Amino acid sequence: MNIADIDPSEPTAWQRKARPRLTACIALAALLIGAVVILTRFDVDVEEVLELEVQLFTAEPETVPEPAENEPEAVLPLEPPEELLRPLEAVVENPQVEQEPVAQGDWHAQIDDVVRATVAEQLNRASVNPAFDAKRRRAAVKFAPSRAPQRKPIWENVETDQMGRKILVSGDCHRVVDDPSAANNDIFRTFQQYIVYCTKQKSGRQEQPWVEEIRDRHNYLAQQG
């Protein structure tokens, strides 16, 4: 039999009569289980059941003893309140304290004294080593730097212009050392930090005596003049 002769639309041999076979298997299995349950005897040891007796008791109501008829009731003595027992304090008027007259002085005359006392108090501060602090104060006065104007070198002549740029100044010339502007950062790094700007004012024309001699020697100079 060739494979080409098999029709895939037809059921195969093992698919034929599948439902009857399934029904028969289920019925056989049910019969076997029923036979095992019916024929098998299970021996169970029955133990004695313990009896448990439970007794419920109801609580008896408590009896309140009745008061004796002949016993008199205790009468509490009336005590006066403590506030009434306290004696009234005599109202004492506050004596008027005579104020001493304040001596009037010249405040402008005491300003100098107050200033001297304040400066002396600031100078006499508590110190761990007062002798060393006194030497240090004397050395600060004796070896103080000179107040005479000092000539600064060119690398210290740095000024700040209106745009926040750092400019190195030397006479009539200056150069941009630093530019904080983010917009000009590329231009500054490429060009401006290498360019020196100089400002020179024009001076008046001055004729020298040797100019006339040179002009007479050359005809083209005489014609231009």
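A pocket here comes from a 1 Å grid over the protein atoms alone: it is an open set of points with protein on both sides within 12 Å along at least five of seven lines, and a lining residue has an atom within 4 Å of a point. Grid points are joined across faces, edges and corners, and the volume is the space filled by probe spheres set on the points.

This is a predicted model, where local features need pLDDT of at least 70 and side-chain atom pairs count only at pLDDT 80 or more, while totals for chains, interfaces and linings use all residues. Residues are numbered from 1 along each chain as its sequence is written, and side-chain values use heavy atoms, with hydrogens and water left out.

**View 1. The largest pocket has a volume of about 160 Å³.** Its lining includes Gln 122, Leu 123, Asn 124, Pro 130, Asp 133 and Arg 137. Helix H3 (107–123) and helix H4 (130–142) each put in at least two lining residues, and H4 gives the most, with five. (Helices are DSSP runs of H or I with at least four residues, strands are E runs with at least two, and both are numbered from the N terminus.) By type, the lining splits into four nonpolar, three polar and four charged residues. In that count Ala, Val, Leu, Ile, Met, Phe, Trp, Tyr, Cys and Pro are nonpolar, Asp, Glu, Lys and Arg are charged, and the others, Gly among them, are polar.

**View 2. Four strands make an open sheet in the order E1-E2-E3-E4, with antiparallel pairing.** Strand E1 (158–160) and strand E4 (197–198) sit at the edges with a single partner strand each, so one side of each has no neighbour in the sheet. Strands count as paired if DSSP finds at least two bridges between them.

**View 3. E1 and E2 form a hairpin with five residues between them.** The two strands pair antiparallel over three bridges, and Thr 160 has Lys 166 in E2 as its bridge partner. In the turn, Gly 164 has a positive phi of about 85 degrees.

**View 4. E2 (residues 166–170) and E3 (residues 173–178) run antiparallel, joined by five bridges.** Ile 167 stands opposite Val 176 in E3, and Leu 168 faces Arg 175 in E3. This hairpin has two residues between the strands, and Gly 171 takes a positive phi near 70 degrees.

**View 5. Helix H1 (residues 18–39) has 22 residues.** H1 reaches 32 Å from its first C-alpha to its last, close to the 32 Å expected at 1.5 Å a residue; the expected span is 1.5 Å times one less than the number of residues. The number of buried residues (under 20% relative accessible area, 1.4 Å probe, protein chains only) in H1 is zero, so this helix lies largely in the open.

Key: On a 1 Å grid over the protein atoms alone, a cavity is a set of points where a 1.4 Å probe fits but cannot get out, and a pocket is an open set with protein on both sides within 12 Å along at least five of seven lines; lining residues have an atom within 4 Å of a point. Buried means under 20% relative accessible area, exposed over 50%, partly exposed in between (1.4 Å probe, protein chains only).
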